[in-house]
Amino acid sequence: MILIEITNPHEIIRQRVGKLAAKLINVVADELPQVEKVLIEELAKELDQFGIKANFYSVNNLDMRNGGRLEISIPVHHEKMIS
């Protein structure tokens, strides 16, 4: 399994669409899913040329920490503690 963390989505958007559009996109929506979508499409094309089949997932609530540890945040909708 390969895990790729994109650390500069704003810069990528700015290079692709220009500074003004990047600012507007930043106001309207989160940039990371857009960058991930483009990256997945490009990777899929490249891997297909080599006959490689793969599944790609763009997910939320995963963070890489120092030391190569993966941290998973789980959204909790309701919580009740019983002691």
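Glu-42 is partly exposed, with a relative accessible area of 37% (buried is under 20%, exposed over 50%, partly exposed in between; 1.4 Å probe, protein chains only). The model is predicted: local features need pLDDT of at least 70, side-chain atom pairs count only at pLDDT 80 or more, and totals for chains, interfaces and linings use all residues. Residues are numbered from 1 along each chain as its sequence is written, and side-chain values use heavy atoms, with hydrogens and water left out.

The side chain of Glu-42 meets that of Lys-45 in a salt bridge, at 3.6 Å from N to O. The criterion is a side-chain nitrogen of Lys or Arg within 4 Å of a carboxyl oxygen of Asp or Glu. Side chains of opposite charge can pair when their charged atoms come close. Lys-45 and Glu-42 lie about one helical turn apart, because three residues separate their positions in helix H3. The structure holds one salt bridge.

Helix H3 covers residues 32-49, 18 residues in total. From first C-alpha to last, H3 reaches 26 Å, close to the 26 Å expected at 1.5 Å a residue. The expected span is 1.5 Å times one less than the number of residues. Just after H3, Gly-51 takes a positive phi of about 75 degrees.

The chain has three helices and two strands. Their order from the N terminus is α-α-α-β-β. Helices (H or I, at least four residues) and strands (E, at least two) are DSSP runs, numbered from the N terminus. Strand S1 (residues 62-65) runs antiparallel to S2, and four bridges join them. Pairing requires at least two DSSP bridges between two strands. Met-64 has Leu-70 in S2 as its bridge partner. The two strands form a hairpin with three residues between them. In the turn, Gly-67 has a positive phi of about 85 degrees.

Ile-72 sits in strand S2 (residues 69-72). Ile-72 counts as exposed because its relative accessibility is 56%. Ile-72 also contributes to a nonpolar surface patch of about 750 Å², together with Leu-3, Tyr-57, Val-59, Leu-62, Leu-70 and Ile-74. Patch residues have over 30% relative accessible area and no salt bridge; nonpolar side chains (Val, Leu, Ile, Met, Phe, Trp, Tyr) are joined within 5 Å, like charges within 9 Å.

Of the 83 residues of the chain, 8% count as buried. The accessible surface of the chain is about 7800 Å², and carbon and sulfur atoms hold 55% of that area (Shrake-Rupley method, 1.4 Å probe; for residues, only the protein chains shown count as cover).
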